[in-house]
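Student: Can we walk through this structure together? I'd like the main points in plain words.

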Amino acid sequence: MKLISKLAVAAGLVTALSSATLAQDLNGLTIGFSQIGSESGWRAAETSVTKQQAEARGVDLKFADAQQKQENQIKAIRGFIAQGVAAILVAPVVATGWEDVLGEAKEAEIPVILLDRGVDAPQDLYLTSVASDQVKEGRVAGQWLVDAVKDKDCKVVELQGTVGSTPAINRKKGFEEAIAAHANISIIRSQTGDFTRSKGKEVMEGFLKAENGGKDICALYAHNDDMAVGAIQAIKDAGLKPGSDILVVSIDAVPDIFTAIAAGEANATVELTPNMAGPAFDVLAAYLKDGTVPEKFIITESKLYTAADDPQGEYERRKGLGY
Ligand code: AHR
């Protein structure tokens, strides 16, 4: 057998073995997942990846869509506790108001793992949090703008995510940190678009009207790609060119933003992986097996993509992945 074929077979065996091990670890367990809703393409992808990861490991995943409401998430978590699930995954819509229900899960000895957003609650109420460094995401987006405009004056409009959510709070903070030392760049308007495409468009229309039909705006910073895609439509409707008349930088790296980047209508995005469940299930399996306590914060990567990064290829790689 040629060396390459041998290596391929060996690699195949390793993959087969590790999937078998993974499958055994959580196989047959019931795990609850309280998802925020389906406000964005990224959220839809996170839901499908979590379901796929659960299926691959033989997990019976109980999925609850909270339709953007914290009260629905709390109700779902209480339901999971009553059912006696082996663990609970939760993507918390906002940061505050979790202490009681997480305390109830702790009392019932059910480990809770936070996915993609944080909470303002004592850290002993959850096993771990799998999320990006959201302040860094804002910083990466802000640094891209600093490098793009150099010394030119640049008035920025900002579309914030859901009020009270950690990505909205932290992405704002990181961006402001990145532009702080650059007096030529200032945020002139900032409003929530609730992480949705339709709200992003609506709020951008207001920004354009208020700022001389958009002529006074140099750049849009959107806390997610979906709001950016909605805003791009508003900019086009106003007779301006997104990507050149108004620069567009956002976060998530969903397929639609790569289409926009390829068309020159958006400039940069910061990737947020939708695979939060994979690392979550890995550490949960170890914890349930022999009590291995994971790191409190498992941080995913935040890579910047621009037109120089084969946007069409990135679109192709992501389409059909549940976005
Ligand atoms: O919490 C992650 C954020 O939530 C994503 O960036 C956004 O698209 C989603 O709605």
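Tutor: We'll take the ground rules, then a sheet, then a strand, then a residue.

Student: Fine. What are the ground rules?

Tutor: This is a predicted model: local features need pLDDT of at least 70, side-chain atom pairs count only at pLDDT 80 or more, and totals for chains, interfaces and linings use all residues. Residues are numbered from 1 along each chain as its sequence is written, and side-chain values use heavy atoms, leaving out hydrogens and water.

Student: In what order do the six strands of the open sheet come?

Tutor: The order is E7-E6-E8-E9-E10-E12, with mixed pairing. Strands (E, at least two residues) and helices (H or I, at least four) are DSSP runs, numbered from the N terminus. Two strands pair if DSSP finds at least two bridges between them.

Student: Which strands stand at the edges?

Tutor: E7 (185-192) and E12 (304-306) do. Each has a single partner strand, so one side of each is left without a neighbour in the sheet.

Student: What does the twist average?

Tutor: From one strand to the next, 20°. Axes are lines fitted to C-alpha atoms, for helices over the stretch in contact, and angles run from 0 to 180 degrees between N-to-C directions.

Student: Which strands does helix H9 lie across?

Tutor: H9 (residues 255-262) lies across E9, E10 and E12. Helix H9 runs at about 155° to E10. E9 and E10 are parallel and joined by four bridges.

Student: New topic. Is strand E3 covered on one face or both?

Tutor: Both. Ala87 and Leu89 are buried on one side, Ile88 and Val90 on the other. Buried means under 20% relative accessible area, exposed over 50%, partly exposed in between (1.4 Å probe, protein chains only).

Student: Why two sides?

Tutor: In a regular strand the side chains alternate between the two faces of the sheet.

Student: How many bridges pair E3 with E4?

Tutor: Three, in the parallel sense. The chain crosses from E3 through helix H4 (residues 99-107) to E4, a right-handed β-α-β crossover. Right-handed means that, with the strands pointing away from the viewer, the path from the first strand over the helix to the second runs clockwise.

Student: Last one. Is glutamate 158 buried or exposed?

Tutor: Buried, with a relative accessible area of 0%. Glutamate 158 sits in strand E6 (residues 154-160).

Student: What polar contact does its side chain make with lysine 172?

Tutor: The two side chains meet at 2.6 Å. The side chain of glutamate 158 also makes a polar contact with that of serine 190 (2.6 Å). A polar contact is a pair of N or O atoms within 3.5 Å; within protein, one must be able to donate a hydrogen and the other to accept it, and residues adjacent in sequence count only if both atoms are side-chain atoms.

Definitions and conventions:
Contact means heavy atoms within 4.5 Å.
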